[in-house]
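Try each task yourself before reading its solution.

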Amino acid sequence: MEKLTPVGRFAPTPSGRMHLGNVFAALVAWLSVRSKNGEMVLRMEDLDTQRTSAEFAETLRGDLAWMGLDYDREQVPQSQRSAAYDGYFEILRDKGLLYPCYCTRSQLHGVNAPHLSDGTYVYPGTCRNLTDPPKNRQPSWRVMVTDKVWTVEDRVQGHYELNLATDCGDMVVRRADGVYVYQLAVTVDDGEAGVTEVVRGMDLLSSAPRQMYLQELFGFAHPEYGHVPMLMAEDGRRLSKRDRDLDLGELQKRITPEQLIGNLAYAAGLIDIQVPISARELACEFSWERLRKTDIYINQQKFY
Ligand SMILES: [Zn+2]
C-alpha cells in the first residue's frame, strides 16, 4: 500500500497579531509535518466577519513567512465557503438528523443547565420534538448526537473520551443568522483538504470528538490529533492575546525568528540548550516524545 503523505494545517483567525500561544501551536504543527516531508495547508478561519479582516490575514501570512513556517497551498477563507457548507448541511438533513432550535440564550444558559468544565452547556434536547414552533423567529439548526463514547488518542494529551449525548447534547451547526458554526466549517475544510493531522492548542481538545462525529457523518477519515500545552507566565497565568508585548508585532521589534523559535523550543523540551535555531533546523530533530505534556512556563525576560 502506498504510504499516505502527511497533511497538516495552519488555521488562524485573522483578528489580530498572533500571540505566543498561537506561534507555538503553529510551530509544532509545522514541525510535525515537515519532519515527515508532509504538506502544510493554510486556512483563514474568518467566520466571524465582524472581528476579522483581509488586512489581518495578510499580516498573518507575513508573520508565518518571517518565522520560516512555509505552506504548500491556501484554502478559500471560511467566510467565502457558505455555499460549500450548505451541501454538507443538506447531508445532515437527508440523514434526518437536523432540527430547528428556537431556544433563547437565557433558556440555554438557565440556572439549572449542567455544563462541562470547559464551560459548554449540555443542550437538553428541548426542541427535538417541537410541535408548535414560533413563527416570527429564525431558528438555529442542531444536529442530533448519539449516545456513544468518542475516544481520542491524542499525541500529547493521551487518552481522552467524550460522550456527546451526555457531555454536550445536540450541537448547533448553523446559527439563526445563517452563519455556519466553527465545528462544521473546520470539519468540512479539514476533510476536503485531506488533512491527516490536526495540531492546535489544548483548549480545543473537547472539539475533537465533536468533529469526529461530523467527520463520520460526512464520510471523512479521522485525522490524528495533537493538542499542545498552553503557555503560562511564571506567575501561573495563561498567556493570551492580552499580553500585548508578546504578540508577534512587538516581538519582531526585539528578537530574531531564530531567537523566538529557540526560546519556545527550549521551554517546550524540544532542545536541550537554549540557542537560536531556525524552524528548518529544528524540524531535523523534532519528535513528539520530547514535547512537554503539561503547561509550559515561559520566562518572559527571554523574549526581550
Ligand atoms: Zn432549542
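Predicted model: local features only at pLDDT ≥ 70, side-chain atom pairs only at ≥ 80, totals over all residues.

Residues are numbered from 1 along each chain as its sequence is written, and side-chain values use heavy atoms, with hydrogens and water left out.

**Exercise 1. Find the protein donors of the zinc ion and work out the arrangement of the donor atoms.**

Step 1: Look for donors, meaning N, O and S atoms within 2.8 Å of the metal (3.2 Å for Na, K and Ca); water is not among the atoms, so sites may look incomplete.

Step 2: Along the chain, their spacing reads C-x1-C-x19-Y-x3-C.

Step 3: Check the angles. Four donors count as tetrahedral if all angles lie between 85 and 135 degrees. Here the four donor atoms subtend 102 to 120°, so the arrangement is tetrahedral.

**Exercise 2. Decide whether Tyr123, Cys127 and Thr49 are buried or exposed.**

Step 1: Buried means under 20% relative accessible area, exposed over 50%, and partly exposed in between (1.4 Å probe, protein chains only).

Step 2: Tyr123 has 6% and is therefore buried; Cys127, at 5%, is buried too.

Step 3: Thr49 comes out at 52%, so it is exposed. Thr49 sits in the loop between β2 (39-42) and α2.

**Exercise 3. Describe how helix α3 (residues 82-94) packs against helix α6 (residues 182-193).**

Step 1: Helices (H or I, at least four residues) and strands (E, at least two) are DSSP runs, numbered from the N terminus. Axes are lines fitted to C-alpha atoms, for helices over the stretch in contact, and angles run from 0 to 180 degrees between N-to-C directions.

Step 2: The axes of α3 and α6 lie 10 Å apart, at about 105°. Since 65 to 115 degrees counts as roughly perpendicular, α3 and α6 are roughly perpendicular to each other.

Step 3: With contact meaning heavy atoms within 4.5 Å, Tyr85, Tyr88 and Leu92 of α3 meet α6 residues Leu184, Ala185, Val188, Asp189 and Glu192.

**Exercise 4. How many residues of helix α9 (residues 257-267) are buried, and what covers them?**

Step 1: Eight of the 11 are buried, so α9 is largely enclosed by the rest of the structure. Among them are Leu260, Ile261 and Leu264.

Step 2: The cover includes α1 (20-34), α8 (248-254) and β12 (296-298).

How values were computed
Parallel < 35°, antiparallel > 145°, perpendicular 65-115°, else oblique. Tetrahedral: all angles 85-135°; square planar, octahedral: opposite > 155°, others 65-115°.
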